[in-house]
Amino acid sequence: MALRHKITVFKWISILEGISFLVLLLIAMPLKYILDMPAMVKHVGMAHGVLFVAYVVGALLLIKPMNWGLKQIAIIFGCSFIPFGPFYVEKKYL
């Protein structure tokens with residue numbers, strides 16, 4: 001797979017992972033704890049988990065071709081745990 005294609009796929013995964021994280025935090029969790037509707041957490045949480053794993057695998061596959069240093073790698077992986085972090089990675093490092 002060409003580098004440009006890998007970057008494009010990782011950008012989309014990064015955006016989708018960021019959106020799923022925000023939906024989980026801002027919509028699904030309040031529905032669960034305020035309105036006692038836990039079903040959405042189950043479905044959104046599963047989607048977010050799959051996208052999180054895809055984000056990590058995608059980042060691992062890009063480390064060598066992008067020549068990311070240790071600091072960049074730490075920021076990229078750290079941003080996966082912060083709301084809006086994946087959007088920062090998508091704009092700054094790709």
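**Note on the helical packing and nonpolar core**

1. In this predicted model, the largest nonpolar core is made up of twelve residues in all, namely Ile7, Phe10, Ile13, Tyr55, Ala59, Leu62, Trp68, Ile73, Ile76, Cys79, Val89 and Tyr93. Helices α1, α2 and α3 (70-78) each supply at least two residues of this core.

2. Alanine 59, one of the core residues, is in contact with Phe10, Trp68, Ile76 and Phe77 once its neighbours within four places in sequence are left aside.

3. Helix α1 (residues 3-34) and helix α2 (residues 39-66) have axes that come within 8 Å and cross at roughly 150°. Since angles over 145 degrees count as roughly antiparallel, α1 and α2 are therefore described as roughly antiparallel to each other. The residues of the contact of α1 with α2 divide into 23 nonpolar, five polar and three charged, and the crossing of the two helices is left-handed.

4. Valine 23, which has its place in helix α1, counts as partly exposed because its relative accessibility is 24%, whereas buried would mean a value under 20%. Leaving aside its neighbours within four places in sequence, valine 23 is in contact with Ala28, Met40 and Val44.

5. A further point on valine 23 concerns its position relative to proline 83: the two residues are 60 residues apart along the chain, while their C-alpha atoms are separated by 10 Å.

Methods:
Residues are numbered from 1 along each chain as its sequence is written. This is a predicted model: local features need pLDDT of at least 70, side-chain atom pairs count only at pLDDT 80 or more; totals for chains, interfaces and linings use all residues. Side-chain values use heavy atoms; hydrogens and water are left out. Axes are lines fitted to C-alpha atoms, for helices over the stretch in contact, and angles run from 0 to 180 degrees between N-to-C directions. Helices (H or I, at least four residues) and strands (E, at least two) are DSSP runs, numbered from the N terminus. Angles under 35 degrees count as roughly parallel, over 145 as roughly antiparallel, 65 to 115 as roughly perpendicular and the rest as oblique. A crossing is left-handed if the near helix is turned anticlockwise from the far one by less than a right angle, and right-handed if clockwise. Ala, Val, Leu, Ile, Met, Phe, Trp, Tyr, Cys and Pro count as nonpolar, Asp, Glu, Lys and Arg as charged, and the others, Gly among them, as polar. A nonpolar core is a set of buried Ala, Val, Leu, Ile, Met, Phe, Trp, Tyr and Cys residues joined through side-chain atoms within 4.5 Å. Buried means under 20% relative accessible area, exposed over 50%, partly exposed in between (1.4 Å probe, protein chains only). Contact means heavy atoms within 4.5 Å.
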